[in-house]
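I opened the model to look up its charged pairs and its strand order. My notes follow.

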Amino acid sequence: MKLIKQLIAMSTLAFAAFGAAAQGNEAPDVLVKRISNDVIDTAKADKDIQSGNQQKVMALVDSKILPHVDFQRMTALAAGRFWRDATPDQKTRLSNEFRTLLIHTYSGALSQIKNETVEFKPLRAEPADTVVEVRSQVNVARGEPIQLNYRLAKGPSGWKIFDINVLGAWLVETYKGTFATEIGKGGIDGLIAKLAERNKQLANKPVKAGK
């Protein structure tokens with residue numbers, strides 16, 4: 001689980017520090033590679049992040065990562081058919097709680113990034129495509145390279161991530177089962193309450209420093 005969180009954080013960092021208006025015509029794989037190298041190097045070199053400074057880690061997540069993730073699309077996909085039945089207020093609250101949950105996941109993993117590197121595969125897409133999959137592998141100090149792919153969609157504000165594949169499992173699909181179970185127990189409001197409870201627990205838990 002620790003490694004999975006670590007990989008999710010690395011994959012999301014690939015979309016950080018990007019000005020959509022200036023870079024809108026840049027190929028998504030070129031963009032991901034350039035920004036990934038820049039931001040991961042920053043995380044590795046920042047002593048505050050490596051020591052688990054929660055304020056510094058959360059600030060990095062908030063400023064560098066969040067603008068480039070489509071949380072509403074991720075939430076809608078994870079909720080599946082139940083999304084259509086949710087009220088606008090429920091959709092907003094559910095998206096916000098899911099967003100907060102992923103923030104805590106990324107924050108907890110950032111301080112664990114050490115010597116990993118990311119190698120990107122050739123992009124298989126047409127110039128007119130608005131949804132693409134960027135494929136990569138994470139090279140670790142010990143063991144075989146690990147598959148790490150991303151799904152991005154291009155909108156008015158540029159390319160944004162809406163799903164991540166780690167070791168053959170898509171993040172949205174993983175949450176989809178959990179969401180369905182909680183909705184079956186207590187409806188959309190029950191799921192929102194469950195996520196809110198989990199987020200409260202995570203907010204009171206300090207970020208662990210990497211070893």
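I looked up R93 and found the residue partly exposed, at a relative accessible area of 32%. I count buried as under 20% relative accessible area, exposed as over 50%, and partly exposed as in between, with a 1.4 Å probe and protein chains only. D89 is also partly exposed, at 46%. R93 forms a salt bridge with D89, with the closest N and O atoms 2.9 Å apart. My rule for a salt bridge is a side-chain nitrogen of Lys or Arg within 4 Å of a carboxyl oxygen of Asp or Glu. The two residues are four apart in helix α8 (residues 88–110), about one helical turn. D89, R93 and D189 are linked in a salt-bridge network.

The model is predicted: local features need pLDDT of at least 70, side-chain atom pairs count only at pLDDT 80 or more, and totals for chains, interfaces and linings use all residues. Residues are numbered from 1 along each chain as its sequence is written, and side-chain values use heavy atoms, with hydrogens and water left out.

Next I checked D163, which forms a salt bridge with R151 at 3.5 Å between the closest N and O atoms. D163 lies in strand β4 and R151 in strand β3, so the pair ties together parts 12 residues apart in sequence. D163 is buried at 3%, while R151 is partly exposed at 29%.

I took helices (H or I, at least four residues) and strands (E, at least two) as DSSP runs, numbered from the N terminus. Strands pair if DSSP finds at least two bridges between them. Eight bridges join β3 (residues 146–155) to the antiparallel β4 (residues 158–166).
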